[in-house]
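Subject: Handover of a two-chain model

Dear colleague,

Please find the structure below. A summary of the findings follows it.

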Amino acid sequence: VKCVALLLALVTLSGCYTTRAELPGALRNDVKPADIEKVGALDVEVEHTFYLHGFVGTTPSELLAAPLRKQVQARGADGVANVVYESEQGCGDFALTTCTLGCFAPRTYRVRGDIVRIRAPRLPGRTAKLVDAERDDRGDDGDDDVIVAQRY
Amino acid sequence: MTRFLFGTCALSAMLVATSCTHVEVALPGVLDLRSDASELAGDRRPSTTPVEVEREGMDATFGGAGPSAAGPGVSVEGRVWWLASFFRLADGGVDEGLRAVLGAHAPGGNNASRALRNVVVTEEITGAESIAFYCLLPVPCAAAFLPTRTVRWTATRVVIPVEPVPVEPTAPVDEVTP
């Protein structure tokens with residue numbers, strides 16, 4: 001009985017399918033539309049799989065921050081405007097989760113927006129644009145389609 | 001028979017095209033990656049959250065706690081309900097709450113020139129909801145509304161100084177040098 005009570009207490013106090021993702025930089029309300037120049041579209045899509053009804057497989061904190069930084073930096077931009085965060089389970093993922101009784105539960109996270117150059121003054125603090133060098137060395141950045149050509 | 005097949009195909013197409021437990025949040029303001037605003041002081045001014053986005057009592061229980069502030073730390077919580085995980089029934093949205101804590105509601109007023117740093121999004125099915133779902137499984141009508149998903153945005157609110165540091169020129173990271 002004590003074990004069941006302890007288990008129930010643990011389950012009640014802890015959450016499952018927990019996602020915890022940081023966003024890089026700072027969200028500002030003082031940047032006017034005239035202070036930004038759109039240079040492209042941001043589309044970050046990340047899939048994460050939870051196991052055992054979501055008790056195993058907590059998301060890494062850099063789940064969205066790393067690819068977001070990478071896309072902004074690849075454009076030589078400063079930030080993102082009109083940010084929209086989405087998370088969902090596709091129909092196939094839902095079927096998989098149901099069939100496995102929650103033992104295997106993929107979920108997709110997406111961040112969309114406009115990649116912009118910002119003309120407003122920079123806030124004091126550390127830059128948030130650095131890309132993890134180790135990941136770049138591993139070559140799993142997926143940015144092979146970004147080609148810069150220069151003619152002499 | 002044809003009608004049945006047509007209905008089945010239409011229902012299947014709808015289910016395939018629809019995503020389950022979809023959560024969408026539009027963030028106000030501009031995400032500036034040039035700085036994490038770590039050297040700015042926390043904003044301890046009293047929040048001027050509009051009454052319409054505050055939640056109390058049953059509203060908070062079913063729709064999430066909404067916007068709240070403890071010193072410079074701010075939090076916006078919403079809870080989303082679906083029917084059988086497909087059809088969104090109620091959305092304790094956080095969009096308005098985020099606008100309120102960032103200060104986009106009253107530009108030029110008490111809320112002017114603010115920023116949020118250390119922005120973190122947390123999504124979870126709470127343990128209590130999981131237990132309620134499994135306990136209510138024998139009652140199909142009740143279990144169809146569970147589990148809900150709680151979305152929480154937390155951040156530290158800072159005051160933007162009147163004269164921030166000058167703009168630094170930025171260059172593309174993939175720049176090729178001859």
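Contact, as used in this message, means heavy atoms within 4.5 Å. With neighbours up to four places away in sequence left out, Pro72(B) touches Gly42(B), Asp43(B), Arg44(B), Ala155(B), Thr156(B) and Arg157(B).

The model is predicted: local features need pLDDT of at least 70 and side-chain atom pairs count only at pLDDT 80 or more, while totals for chains, interfaces and linings use all residues. Residues are numbered from 1 along each chain as its sequence is written, chains are lettered from A and ligands numbered from 1 in the order in which they are written, and side-chain values use heavy atoms, with hydrogens and water left out.

Pro72(B) sits in the loop between strand S3 (66-70) and strand S4 (73-83) of chain B; helices (H or I, at least four residues) and strands (E, at least two) are DSSP runs, numbered from the N terminus. The residue is buried, with a relative accessible area of 15%, where buried means under 20% relative accessible area, exposed over 50% and partly exposed in between (1.4 Å probe, protein chains only). Its C-alpha atom is 8.4 Å from that of Ala155(B), although 83 residues separate the two along the chain.

The two chains

Chain A comprises 4 helices and 5 strands, in the order α-β-β-β-α-β-α-β-α. Of its 152 residues, 46% are buried. Among contacts in chain A between residues at least 6 apart in sequence, 82% join residues at least 24 apart.

Chain B has 5 helices and 7 strands, arranged as α-β-β-α-β-β-β-α-β-α-α-β. Buried residues account for 42% of its 178 residues. Of the contacts in chain B between residues at least 6 apart, 70% join residues at least 24 apart.

Helix H2 (residues 65-74) of chain A has 8 of its 10 residues buried, so it is largely enclosed by the rest of the structure. Its buried residues include Leu68(A), Arg69(A), Lys70(A) and Val72(A). After H2(A) comes Gly76(A), whose phi is positive, near 65°.

In helix H4 (residues 127-135) of chain B, the buried residues are Gly127(B), Glu129(B), Ser130(B) and Phe133(B). Viewed down the axis of H4(B), they fall within an arc of 160° and so line one face of the helix; the arc is that of the directions from the helix axis to the C-beta atoms.

Pocket and cavities

On a 1 Å grid over the protein atoms alone, a cavity is a set of points where a 1.4 Å probe fits but cannot get out, and a pocket is an open set with protein on both sides within 12 Å along at least five of seven lines; lining residues have an atom within 4 Å of a point. The largest pocket has a volume of about 610 Å³ (the space filled by probe spheres set on the points, which are joined across faces, edges and corners). Of its 25 lining residues, Phe94(A), Thr98(A), Ser85(B), Phe133(B) and Pro147(B) lie nearest its centre. Helix H3 (91-99) and strand S5 (104-118) of chain A, together with H4 of chain B, each give two or more residues to this lining.

The structure also holds 2 cavities of 30 Å³ or more. The second largest cavity contains about 50 Å³ of space, and its lining includes Leu27(A), Val74(B), Trp153(B) and Ala155(B).

Yours sincerely
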